[in-house]
Amino acid sequence: MVLTAFSASAQDIQLPVPRKNAEMTLYQALQNRASNRSFSSAPISDQILSDLLWAAQGINREDGRLTAPTAMNTQEIRLYVCREDGAYEYIAKDNKLLKVSGKDLRGDVAGPQAGVADAPLFLVISCDLNRYSRKNDHTKVMGAVDVGYVSQNICLACVALGLSTVPRAGMNQEVLREELGLAEDHLLLINHPVGYKK
Ligand SMILES: Cc1cc2nc3c(=O)[nH]c(=O)nc-3n(C[C@H](O)[C@H](O)[C@H](O)COP(=O)(O)O)c2cc1C
């Protein structure tokens, strides 16, 4: 029991402090945002990953609120990093990656669109509807809108960091739900292959 707990936490990754800085202006990033589906296999450093995750939905205020808005500050969005060494959930408050699977799930996130599977990592955005006190069509829509904000943050931060991406709805839902341990009412909506343009 103790050993299991120790090895699980030993595989978590403490990310470098995010730099929260880029030379590119917001308007330059908007001008250059475009979907890319062809990636070099060059790895992404944990520093760049930390910078990107903070932009996606890091904490930007002392009260724990995030770079991306959420309906009623529900903070129901979960962000996963899938790369060769496994899959991790981004824990913003600790700036940490919590290991959730030891498998390389990139092929399952790419699904039938195998061309994007070369990306060194994928960000997978899900929405935990259990965070809402009431679950109905309205909260489903709110959750999907909130996923969109995180996705757009990722699109723009990728440009600013010299990376490229494409927001994608396609993925192997069944395998990912199982491997990421997603409960019922946890929507798996969008993923982003992230890498340097080929
Ligand atoms: C909700 C959503 C789902 C998408 N799903 C996919 C997808 O599964 N595969 C893909 O290659 N592109 C996908 N895209 C990217 C769009 O095809 C792309 O944004 C569109 O062609 C416009 O091109 P641009 O992003 O370069 O402006 C998706 C975009 C959105 C917003």
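Modeller: Buried means under 20% relative accessible area, exposed means over 50%, and partly exposed lies in between (1.4 Å probe, protein chains only). This is a predicted model: local features need pLDDT of at least 70, side-chain atom pairs count only at pLDDT 80 or more, and totals for chains, interfaces and linings use all residues. Residues are numbered from 1 along each chain as its sequence is written, and side-chain values use heavy atoms, without hydrogens and water.

Now the pairs. The count comes to 10 salt bridges, each a side-chain nitrogen of Lys or Arg within 4 Å of a carboxyl oxygen of Asp or Glu.

Start with Arg83 and Asp46. Their closest N and O atoms are 3.0 Å apart. Arg83 belongs to strand β2 (residues 77-83) and Asp46 to helix α3 (residues 46-57), so this pair links distant parts of the chain, 37 residues apart. Helices (H or I, at least four residues) and strands (E, at least two) are DSSP runs, numbered from the N terminus. Arg83 is buried, at 11% relative accessible area. Asp46 is partly exposed, at 26%.

Next, Arg78 bridges to Asp128 with a closest N to O distance of 3.1 Å. Arg78 sits in strand β2 and Asp128 in strand β5, so the pair ties together parts 50 residues apart in sequence. Here Asp128 is buried, at 9%, while Arg78 is partly exposed, at 27%.

Lys93 and Asp94 make another bridge, at 3.2 Å between the closest N and O atoms. Lys93 is exposed, at 65%; Asp94 is partly exposed, at 33%. Shared partners also join Asp46, Arg83 and Asp85 into one salt-bridge network.

Back to the strand that holds Asp128. Strand β5 (residues 121-128) runs antiparallel to β7, joined by 8 bridges. Two strands pair if DSSP finds at least two bridges between them. Ile125 stands opposite Ile190 of β7. Strand β7 (residues 186-195) is mostly covered, with 7 of its 10 residues buried. Strand β6 (residues 164-165) also pairs with β7, antiparallel, over 2 bridges. There, Ser164 faces Gly195.

The residues around the ligand include Ile190, Arg33, Ser35 and Ala169, each with a heavy atom within 4 Å. A side-chain N or O atom of Ser35 is 2.5 Å from a ligand oxygen. A polar side-chain atom of Arg33 lies 2.7 Å from a ligand oxygen. Ala169 places a backbone N or O atom 3.0 Å from a ligand nitrogen. Taken alone, the ligand exposes 620 Å², and the protein buries 49% of that.

Key:
Polar contact = N/O pair within 3.5 Å; in protein donor to acceptor, adjacent residues only side chain to side chain. Areas by Shrake-Rupley, 256 points an atom, 1.4 Å probe, with all protein chains shown as cover.
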